[in-house]
Amino acid sequence: MKLFFSLMFFSFCLLSFSHGAISVNLIRNTCKKASQSDPKLSFNFCVASLRRNPKSQTSDLQELGVISMELAIANATSTSSSISKLLKNKKLDPFTSICLKDCLGLYLDAVPTLKDAIEDFKTRDFYVANVGVSSAMEASSTCEDGFKEKEGAVSPLKKEDRDFFQLNAIALAIINMFH
């Protein structure tokens, strides 16, 4: 009887390990395709981002798509919080303050757009999901463009905007793998 349970345990561990290895390969292969389809998307950023979510270790491609959009939502929420903190600084010049307020609106709008895109993706309406993610992705570019309107102005959101762009690029690449 002990031998039977030992064999069962060993078989379970072997299956779990092989499934985890398959998921790691799925993440790497997905990120390879995604980074090849968008030169602004870093392969390493993609892999690190998807691996950050523990569910990704046992996910299929559709679940990775949902995870990528959830990561973008988390980033937009975090960025909105960072912007709100920056806006509390009384020493901000008026131009930066206006830009940050515009960025805040863009990121706040991106969250429900991405939530809708997840639902569209889950129902296999890939075209509408693509439009939603593309729309949300514009928040980062539009935010950065606002700061470029004044010579010498520097965006305090460069990293956040770049990360948000890349998270959406991952989601778009995965959506397009189903298209």
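View 1. V131 is found in helix α5, which spans residues 126-148. The model shown here, and in every view below, is predicted. V131 is partly exposed, with a relative accessible area of 43%. Together with Y127 and V128, V131 makes a nonpolar surface patch of about 290 Å².

**View 2. The whole protein, helix by helix.** Six helices and zero strands make up the secondary structure. From the N terminus on, the order is α-α-α-α-α-α. The protein has 179 residues, and 41% of them are buried.

**View 3. The largest nonpolar core.** This core holds 48 residues. The members that touch the most other members are L50, M69, F121, V133, F164 and I170. Two or more residues come from each of α1 (2-37), α2 (43-52), α3, α4 (94-122), α5 and α6 (158-178). Which helix gives the most to this core? It is α4, with 12 residues.

**View 4. F121 and its surroundings.** F121 touches Q62, G65, V66, M69, F126, A129, I174, I175 and F178, leaving out residues up to four places away in sequence.

View 5. In one of them, the rings of Y107 and F164 have their centres 5.0 Å apart. Their planes stand at 65 degrees, so the pair is edge-to-face. Y107 lies in helix α4 and F164 in helix α6, so the pair ties together parts that are 57 residues apart in sequence. Are Y107 and F164 buried or exposed? Both are buried. A further pair joins F126 and F178, with ring centres 5.2 Å apart. Here the planes meet at 25 degrees, so this pair is stacked. F126 sits in helix α5 and F178 in helix α6, 52 residues apart. F126 is buried, with a relative accessible area of 9%. F178 counts as partly exposed, at 22% relative accessibility.

**View 6. T79 in helix α3.** T79 lies in helix α3, residues 61-87. T79 is buried, with a relative accessible area of 1%. Leaving out residues up to four places away in sequence, T79 touches Y107 and E160.

**View 7. S35 in helix α1.** S35 has its place in helix α1. Its relative accessible area is 17%; under 20% counts as buried, so S35 is buried. Setting aside neighbours within four places in sequence, S35 is in contact with L41, S42 and F43. S35 and F45 are 10 residues apart in sequence, and their C-alpha atoms are 9.5 Å apart in space.

View 8. Side chains of opposite charge can pair when their charged atoms come close. The whole structure has four salt bridges. One of them joins the side chains of E70 and K55, at 3.7 Å from N to O. E70 lies in helix α3 and K55 in the loop between α2 and α3, so the pair ties together parts that are 15 residues apart in sequence. E70 counts as partly exposed, at 31% relative accessibility. K55 is partly exposed too, with a relative accessible area of 48%.

**View 9. E144 and K158, a salt bridge between helices.** The closest N and O atoms of E144 and K158 are 3.5 Å apart in this salt bridge. The pair links distant parts of the chain: E144 is in helix α5, K158 in helix α6, 14 residues apart. E144 counts as buried, at 12% relative accessibility. K158 is partly exposed, with a relative accessible area of 47%.

View 10. The side chains of K159 and D163 meet at 2.5 Å, N to O. How far apart are K159 and D163 in helix α6? They are four residues apart, so about one helical turn separates them. D163 counts as buried, at 12% relative accessibility.

**View 11. T142 in helix α5.** T142 is found in helix α5. T142 is partly exposed, with a relative accessible area of 37%. The C-alpha atoms of T142 and D161 are separated by 9.4 Å, and the two residues are 19 apart along the chain.

Note on methods: Residues are numbered from 1 along each chain as its sequence is written. This is a predicted model: local features need pLDDT of at least 70, side-chain atom pairs count only at pLDDT 80 or more; totals for chains, interfaces and linings use all residues. Side-chain values use heavy atoms; hydrogens and water are left out. Patches are made of residues with over 30% relative accessible area and no salt bridge: like charges are joined within 9 Å, nonpolar side chains (Val, Leu, Ile, Met, Phe, Trp, Tyr) within 5 Å. Accessible areas come from the Shrake-Rupley method with a 1.4 Å probe; for residues, only the protein chains shown count as cover. Buried means under 20% relative accessible area, exposed over 50%, partly exposed in between (1.4 Å probe, protein chains only). Contact means heavy atoms within 4.5 Å. A nonpolar core is a set of buried Ala, Val, Leu, Ile, Met, Phe, Trp, Tyr and Cys residues joined through side-chain atoms within 4.5 Å. Rings of Phe, Tyr and Trp (its six-membered ring) pair if their centres lie within 6.5 Å; planes under 30 degrees apart count as stacked, over 60 as edge-to-face and the rest as tilted.
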